[in-house]
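Subject: Structure handover

Hello,

Here is the structure I promised to pass on. Please open it alongside this email, and my notes follow below.

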Amino acid sequence: MLPVQHQKELLKQEEVDMVKYALNRVRATLITISPFLASLLRKARIIATNIVQTAGVNLHGEILINPKFFNALDFKEQTFILNHEVMHIALSHPKRGKDKNRRLYNIASDACVNKLLSAWFKETKLEGFSITMGKVALLLNQHKIQYEWDELQRMNVEEIYKLL
């Protein structure tokens, strides 16, 4: 259910167990809020690892979770992070972005995923730990790249990536 991947240092079993508990709690809660997201998360392979600082996905469609980072979040943040990562898999972002500038593609894909999830997670403060369309707009402004705000809101990952 929650395998442990190659580690920089050994994970504590207690930390992995806390991730498992939170994962089960998130899955149970999502069934009533969003059956679609719950079904995606139920099928996802989630790996506890410290090879990532926070969380991410790999080309194999696995979600990588750093237990120290994840366990420090509150329940709403944990729910958001898991759904954020599972949406990257559902939208094939790792495969679509594999031949692109990794940093820029990640910014574009994060902004798009967070925009989609913002409808479900209105109370979660996204500005603190994630890329939003507002942050993309600031980046574009810093580099004097012209765009229309309404148009930016409708862009897909590849369109935003081209602007960046």
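Does Lys144 count as buried or exposed? Lys144 counts as exposed, with a relative accessibility of 70%. Before going further, please keep in mind that this is a predicted model.

Lys144 sits in the loop between H7 and helix H8 (149–154). Its phi is positive, about 55°, although Lys144 is not a glycine.

Ser92 is another loop residue to look at. It lies between H4 and helix H5 (93–96). Ser92 has a phi near 55°, again a positive value in a residue other than glycine. Ser92 is partly exposed, with a relative accessible area of 34%.

**H1 against H2**

Now the helix pairs. Two packed helices are described by the angle between their axes and the distance between the axes. Start with helix H1 (residues 13–33) and helix H2 (residues 35–43). Their axes come within 6 Å and cross at roughly 150°. Angles over 145 degrees count as roughly antiparallel, and H1 and H2 are therefore roughly antiparallel to each other. The crossing of H1 and H2 is left-handed.

Which residues make this contact? From H1 come Leu23, Val26, Arg27, Leu30, Ile31 and Ile33. From H2 come Pro35, Leu37, Ala38, Leu41 and Arg42. By class, the residues of this contact are nine nonpolar, no polar and two charged.

Ser39 also belongs to helix H2. Ser39 is partly exposed, at a relative accessible area of 34%. The C-alpha atoms of Ser39 and Arg27 are 8.5 Å apart, with the two residues twelve places apart along the chain.

**H2 against H4**

H2 meets H4 as well. The axes of H2 and H4 come within 10 Å and cross at roughly 80°. That makes H2 roughly perpendicular to H4. On the H2 side, the contact is made by Phe36, Leu37, Leu40 and Leu41. On the H4 side, it is made by Leu82, Asn83, Val86, Met87 and Ala90. The contact of H2 with H4 has eight nonpolar residues, one polar and no charged.

**H6 against H7**

The axes of H6 and H7 come within 8 Å and cross at roughly 145°. H6 brings Ile107, Ala111, Cys112 and Lys115 to the contact. H7 brings Met133, Val136 and Leu139. Sorted by class, the contact of H6 with H7 has six nonpolar residues, no polar and one charged.

Lys135 is in helix H7 (residues 133–142) too. Lys135 is partly exposed, with a relative accessible area of 29%. Lys135 and Ile107 are 28 residues apart along the chain, and their C-alpha atoms are separated by 9.2 Å.

**The cores**

In soluble globular proteins, nonpolar side chains tend to be buried together. How many residues does the largest nonpolar core have here? The largest nonpolar core has 24 residues. Those with the most contacts inside it are Leu41, Ile46, Ile63, Ile65, Phe70, Leu82 and Leu117. At least two residues of this core come from each of H1, H2, strand S3 (62–65), helix H4 (75–90) and helix H6 (102–117). H4 gives the most to this core, with six residues.

Leaving out residues up to four places away in sequence, Leu82 touches Leu23, Val26, Leu41, Ile46, Ile63, Ile65 and Phe70. There is also a second, separate core of 16 residues. Among its members are Tyr105, Met133, Val136 and Val157.

**Where to look again**

Leu41 turns up in several places. It takes part in the contact of H1 with H2. It takes part in the contact of H2 with H4. It is also among the residues with the most contacts inside the largest nonpolar core.

Best wishes

Conventions: Residues numbered from 1 in each chain as written. Heavy atoms only, no water. Axes fitted to C-alpha atoms, helices over the stretch in contact; angles between N-to-C directions. Helix = DSSP H or I, 4+ residues; strand = E, 2+ residues; numbered from the N terminus. Parallel < 35°, antiparallel > 145°, perpendicular 65-115°, else oblique. Left-handed = near helix turned anticlockwise from the far one by under 90°. Contact = heavy atoms within 4.5 Å. Nonpolar A, V, L, I, M, F, W, Y, C, P; charged D, E, K, R; others polar. Buried < 20%, exposed > 50% of the residue type's maximum accessible area, 1.4 Å probe, protein only. Core = buried A, V, L, I, M, F, W, Y, C linked by side-chain atoms within 4.5 Å.
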